[in-house]
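Here is a note for a reader who is new to this structure. The points follow the model shown below.

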Amino acid sequence: APAALIPLLRTLKGNFRLVAQGEALPDFDAHCPLMSLPLAFNTTLKTIPAENPYLSVDPLLRRAWQARLGEKRRPRIGLAWSGNPANKNDRNRSLPLSRLVPYLSPAFDYHVLQKVIRPADAAVLRDNPRFHRHAEALTDFAETAALIAEMDLILSVDASIAHAAGALGKPVWILLPYSPDWRWLTERSNSPWYPTAHLFRQGRPGEWGGLLAKVR
């Protein structure tokens, strides 16, 4: 797994060894790509091992975030409007922050969960003091998970934040492009992997307005 995920993945139950990308592999008798395991197990929608949550938060990290955030005055919403720019489908799954801002009610506090901020989005953040940024403190996914745990709702595009929130059992609204990744299936608003997720889908390719109106 990527090194930044290792601290969070250590909360998984089971007897196994985690190896960070770039480390020497241990001796093994067989191997299977992670995304091929459902094929190896003949998994169907009815047999997905849907124990949820299956990841958890370090109590010490959570208390540190509680102290950092201070007293909660309004409901907190965690935001991730774009993912890794290197993703082959990024132009479809990510949206500019400027498109999202008009649909966000001033009744909530908004916390930025993503680390990578694009230049155009950084300008929008500077003009909107109601967005709380924590990039310097999000050194790995265990820290991100602890921040997610302090949110009342996560609002995310199809990026790692959405999967982390779902695995942690947090309420998460996921904004999907018209033709999404296969894991989100089609024509449904829920996910067999993440019982706490609600899916919002584009009605037409590239059309975010109708989707965001439903979110609002």
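1. I148 touches L113, I154, I161, A164, A165, L168 and K170, leaving aside residues up to four places away in sequence; contact here is heavy atoms within 4.5 Å. The model is predicted, with local features needing pLDDT of at least 70, side-chain atom pairs counting only at pLDDT 80 or more, and totals for chains, interfaces and linings using all residues. Residues are numbered from 1 along each chain as its sequence is written, and side-chain values use heavy atoms, without hydrogens and water.

2. In the largest nonpolar core, of 30 residues, L147, I148, I154 and I174 touch the most other members. Such a core is a set of buried (under 20% relative accessible area, 1.4 Å probe, protein chains only) Ala, Val, Leu, Ile, Met, Phe, Trp, Tyr and Cys residues joined through side-chain atoms within 4.5 Å. Another core, of 25 residues, lies apart from it and includes W81, V124, F131 and V157.

3. The order β3-β2-β1-β4-β5-β6 describes an open sheet of 6 strands with parallel pairing. Strands are DSSP runs of E, at least two residues, numbered from the N terminus, and two of them pair if DSSP finds at least two bridges between them. β3 (131-132) and β6 are the edges; each has a single partner strand, so one side of each lacks a neighbour in the sheet.

4. Strand β2 (residues 109-112) runs parallel to β3 and is joined to β3 by 2 bridges. Y110 stands opposite F131 in β3.

Notes:
Buried < 20%, exposed > 50% of the residue type's maximum accessible area, 1.4 Å probe, protein only. Helix = DSSP H or I, 4+ residues; strand = E, 2+ residues; numbered from the N terminus.
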